[in-house]
Amino acid sequence: MLDRKTSSSTASHGARIRRPVIGIMGASEPSSRSLAQAEELGRLLAQCGWIILTGGRPEGIMGAAAAGAKQIPGSLTLGILPGAAGGAGPDVDIAIFTGMGEARNAINVLTSDVIIAVDWAAAQGSSPRPPAGGHRRRNWPRPHTGPAAR
């Protein structure tokens, strides 16, 4: 949840709010327009200081979103990979090798505070699906202030 605080190890330094984890999912062979949108989305969300979670591979929506995020100095990208080793894209800061195949999508969904699907219609059958019983709603802080954000 977005209002979770970090572990008690930060108590002596004051409480900090955990950075949101935004999962960006989609097709491995999307349109060029969708690739550009995923890259821009990764960049804009990273600019807000949010952690970008993808499937970790260098292709498709996941590769474009991670590449966009890494345009921002200090950004953090997290890749949840299906294999036990290898295959992580060059823009993934933290690669988690699950050895779970496409079942690793459960980790993608449960780890993300929000999931954004890009070019969902083109996504393959293994793409994450919303959990049974609906979605989780979150209240987001607005990344920008001023008249344009209202």
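Colleague: Which polar atom pair involves the side chain of T77?
Modeller: In this predicted model, a polar atom of the T77 side chain lies 2.8 Å from the backbone nitrogen of D93.

Colleague: Nice. And is T77 buried or exposed?
Modeller: Buried: its relative accessible area is 1%, and that counts as buried because the cut-off is under 20%.

Colleague: What does T77 touch, then, beyond its sequence neighbours?
Modeller: Leaving out residues up to four places away in sequence, T77 touches I52, A66, A69, K70, D91, V92, D93 and I94.

Colleague: Where does T77 sit in the fold?
Modeller: T77 is in strand β3, which covers residues 77-81. Standing opposite T77 is I52. Strand β2, residues 51-54, is joined to β3 by three bridges, and the two run parallel.

Colleague: What's the strand order in the sheet?
Modeller: The order is β4-β3-β2-β1-β5, in an open sheet of five strands with parallel pairing. At the edges are β4 (94-97) and β5 (114-118), each pairing on one side only. On average, neighbouring strands are turned by 25 degrees against each other, direction ignored.

Colleague: Let's zoom out a bit. What pattern does the chain follow along the sequence?
Modeller: Reading along the sequence gives β-α-β-α-β-β-α-β, with three helices and five strands in the protein chain.

Colleague: How much of the chain is buried?
Modeller: Buried residues make up 35% of the 150 residues. As for contacts with a separation of 6 or more, 62% of them come from residues 24 or more positions apart.

Colleague: Back to the helices. Which strands does α1 lie across?
Modeller: Helix α1, residues 32-47, lies across β1 (21-26), β2 and β5, and runs at about 155 degrees to β5.

Colleague: And which ones does α2 lie across?
Modeller: For α2, residues 60-69, they are β1, β2, β3 and β5, and this helix runs at about 160 degrees to β2.

Colleague: How many of the α2 residues are buried?
Modeller: Nine of its ten residues, so α2 is mostly covered. The buried ones are G60, I61, M62, G63, A64, A65, A66, G68 and A69. They pack against β1, α1, β2, β3 and β5.

Colleague: At what angle do α1 and α2 cross?
Modeller: Roughly 40 degrees, with the axes coming within 6 Å. The two helices are therefore oblique to each other. Their crossing is right-handed.

Colleague: Which residues make that contact?
Modeller: From α1, S34, L35, A38, E39, G42, R43 and A46; from α2, G60, I61, A64, A65, G68 and A69.

Colleague: Changing topic: where is M100?
Modeller: M100 is in the loop between β4 and α3, the helix at 105-111.

Colleague: How accessible is M100?
Modeller: M100 counts as partly exposed, at 39% relative accessibility.

Colleague: What is M100 in contact with, neighbours within four places aside?
Modeller: P82 and I107. M100 and P82 are 18 residues apart in sequence, while their C-alpha atoms are 5.4 Å apart in space.

Key: Residues are numbered from 1 along each chain as its sequence is written. This is a predicted model: local features need pLDDT of at least 70, side-chain atom pairs count only at pLDDT 80 or more; totals for chains, interfaces and linings use all residues. Side-chain values use heavy atoms; hydrogens and water are left out. Helices (H or I, at least four residues) and strands (E, at least two) are DSSP runs, numbered from the N terminus. Buried means under 20% relative accessible area, exposed over 50%, partly exposed in between (1.4 Å probe, protein chains only). A polar contact is a pair of N or O atoms within 3.5 Å; within protein, one must be able to donate a hydrogen and the other to accept it, and residues adjacent in sequence count only if both atoms are side-chain atoms. Contact means heavy atoms within 4.5 Å. Two strands pair if DSSP finds at least two bridges between them. Axes are lines fitted to C-alpha atoms, for helices over the stretch in contact, and angles run from 0 to 180 degrees between N-to-C directions. Angles under 35 degrees count as roughly parallel, over 145 as roughly antiparallel, 65 to 115 as roughly perpendicular and the rest as oblique. A crossing is left-handed if the near helix is turned anticlockwise from the far one by less than a right angle, and right-handed if clockwise.
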